[in-house]
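Take a look at the chain below. We will walk through it step by step, from pockets to sheets to helices.

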Amino acid sequence: MKDDRATRPATYARFAPPGLICLLASGCRGAQSALDPAGEEAEAIHSLLVVTAVGGGIIWLLVVGLILYARRRDRPVLDVERAQKLISWGGVAFPTVILLALLSYALWKMPVARPWFDPGDAPMTVEVTGEQFWWRVRYLDQEGEPVFETANEILMPIGERVRFLLKAHDVIHSFWIPALGGKMDMIPGRTNVFSLKATRTGIYRGPCAEFCGSSHALMNLTARVLEPQAFREWFESRSAPAGRPAETEGQAAFLSHGCGACHSVRGTQARGQVGPDLTAFAKRERLGAGVAANTQENRVRFIRNPDGLKPGVRMPAFSMVPDSELEAIATYLGGLE
Ligand code: CUA
């Protein structure tokens with residue numbers, strides 16, 4: 001009888017590498033992947049990566065092939081003249097041509113990929129300021145005056161170049177939405193200019209890319225790329241004068257516990273500028289710059305003890321607020337459309 005255990009290791013060896021590649025490649029897709037580009041800059045960077053990796057791969061294969069060939073005992077011995085020719089062509093000419101071609105390609109791609117590219121005539125400018133540990137986002141008019149403010153999310157139209165003014169309030173942060181384009185640092189005391197043009201609608205994620213403190217890894221930005229019409233509707237709804245939201249028990253508790261000293265909610269007396277703007281908070285999928293899902297339970301947890309979800313956060317704990325009022329505030333925030 002044939003023992004199938006003997007053939008098993010051979011079967012594993014045959015199927016493991018493709019399986020491993022599939023497993024690793026599944027990590028290439030998703031909302032935060034530079035290998036799944038959804039913007040003009042990201043596409044340029046991606047094609048640069050593919051072309052240089054293939055070019056480098058060809059050289060590597062050739063060199064490995066030559067080494068293996070040189071180790072063969074049965075290879076014919078070359079005379080000096082033929083050996084010199086082999087070195088001149090294989091060792092000098094071939095790498096020079098390939099490397100020059102790759103360099104030319106990279107230089108040709110550079111004007112598109114370089115992140116400091118400033119389109120003076122972009123129709124829209126968004127100012128993003130890195131804070132410990134969240135993102136202040138302001139949409140500016142043609143004169144550079146803020147039209148409205150939001151936090152931790154950027155909405156942008158597909159196919160239109162958006163200009164970003166990048167700033168930092170406290171320490172250095174770094175702005176990076178891998179699926180849309182390359183990154184740029186946000187440095188206190190200066191403004192870096194940068195632009196992106198999205199080519200696919202969807203929701204993309206941007207991590208802070210510069211260590212900025214204990215919650216650096218918990219500082220994420222959401223970029224939503226919308227059809228131009230949907231974007232205009234959102235922009236107009238945010239820039240129109242606000243109606244008065246219904247006065248609820250939650251709103252009263254929000255104001256009486258002083259939340260409005262740090263946070264703004266458009267159309268109310270809450271006009272604080274220290275913390276994130278909470279207008280239309282219900283539309284955000286995550287809270288605390290991506291730290292948890294925006295659910296009633298998590299809102300209560302965050303207000304009661306923000307440090308528990310986000311170490312080092314500037315917001316103080318509100319554990320002295322009675323549970324019923326915490327619930328009411330969280331309900332109020334969950335209803336801000
Ligand atoms: Cu902000 Cu790291």
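Which strands and helices each supply at least two residues of the lining of the largest pocket? They are strand E9 (202-207), strand E10 (220-226), strand E11 (286-287), helix H6 (296-304) and helix H8. Keep in mind that this is a predicted model.

Stay with the largest pocket for a moment. Its volume is about 880 Å³. The lining has 45 residues, and those closest to the centre are Asn152, His263, Pro276, Gly288 and Phe302. Among the contributing elements, E10 gives the most, with four residues. The lining of the largest pocket divides into 24 nonpolar, 10 polar and 11 charged residues.

Now move to the second largest pocket. Its volume is about 440 Å³. Here 26 residues form the lining, and Thr279, Ala280, Lys283, Leu336 and Glu337 lie nearest the centre. Strand E4 (153-157), helix H4 (228-239), H5 and H8 each supply at least two residues of this lining. By class, the lining of the second largest pocket holds 10 nonpolar, eight polar and eight charged residues.

Alanine 280 has a positive phi of about 55 degrees, although it is not a glycine. You will find alanine 280 in the loop between H5 and E11.

Next come the sheets. In what order do the strands of the five-stranded open sheet stand? The order is E3-E2-E1-E5-E8, and the pairing is mixed. Strand E3 (146-151) and strand E8 (192-197) stand at the edges. Each has a single partner strand, so one side of each is left without a neighbour in the sheet. Neighbouring strands of this sheet are turned by 25 degrees against each other on average, with direction ignored.

Look at two of the pairs inside this sheet. Strand E1 (residues 124-131) and strand E5 (residues 161-168) run parallel, and seven bridges join them. For instance, glutamate 127 has leucine 165 in E5 as its bridge partner. Two helices pack on this sheet. Helix H2 (residues 40-71) touches E5 and E8. The direction of H2 makes about 85 degrees with that of E8. Helix H4 touches E1, strand E2 (134-140) and E3. The direction of H4 makes about 105 degrees with that of E3.

The other pair is E2 with E3. Is the pairing of E2 and E3 parallel or antiparallel? These strands pair in the antiparallel sense, over five bridges. Leucine 140 has proline 146 in E3 as its bridge partner. E2 and E3 form a hairpin with five residues between the strands. In this hairpin, glycine 144 takes a positive phi near 85 degrees.

The peptide bond from glutamine 132 to phenylalanine 133 is cis, with omega near 0 degrees.

There is also an open sheet of three strands. Its order is E4-E10-E9, again with mixed pairing. E4 and E9 are the edge strands, and each pairs on one side only. Neighbouring strands of this sheet are turned by 25 degrees against each other on average, direction ignored. E4 and E10 pair in the parallel sense over five bridges. Within this pair, isoleucine 154 has alanine 223 in E10 as its bridge partner. Helix H4 comes up here too. H4 lies across E4 and E10, and runs at about 130 degrees to E4.

Finish with two helices that meet. Two packed helices are described by the angle between their axes and the distance between the axes. On the H5 side, Glu249, Gly250, Gln251, Ala253 and Phe254 make the contact. On the H8 side, the contact is made by Glu325, Ala328, Ile329, Tyr332 and Leu333. The residues of this contact divide into six nonpolar, two polar and two charged.

Note on methods. Residues are numbered from 1 along each chain as its sequence is written. This is a predicted model: local features need pLDDT of at least 70, side-chain atom pairs count only at pLDDT 80 or more; totals for chains, interfaces and linings use all residues. Side-chain values use heavy atoms; hydrogens and water are left out. Contact means heavy atoms within 4.5 Å. Ala, Val, Leu, Ile, Met, Phe, Trp, Tyr, Cys and Pro count as nonpolar, Asp, Glu, Lys and Arg as charged, and the others, Gly among them, as polar. On a 1 Å grid over the protein atoms alone, a cavity is a set of points where a 1.4 Å probe fits but cannot get out, and a pocket is an open set with protein on both sides within 12 Å along at least five of seven lines; lining residues have an atom within 4 Å of a point. Grid points are joined across faces, edges and corners, and a volume is the space filled by probe spheres set on the points. Two strands pair if DSSP finds at least two bridges between them. Axes are lines fitted to C-alpha atoms, for helices over the stretch in contact, and angles run from 0 to 180 degrees between N-to-C directions.
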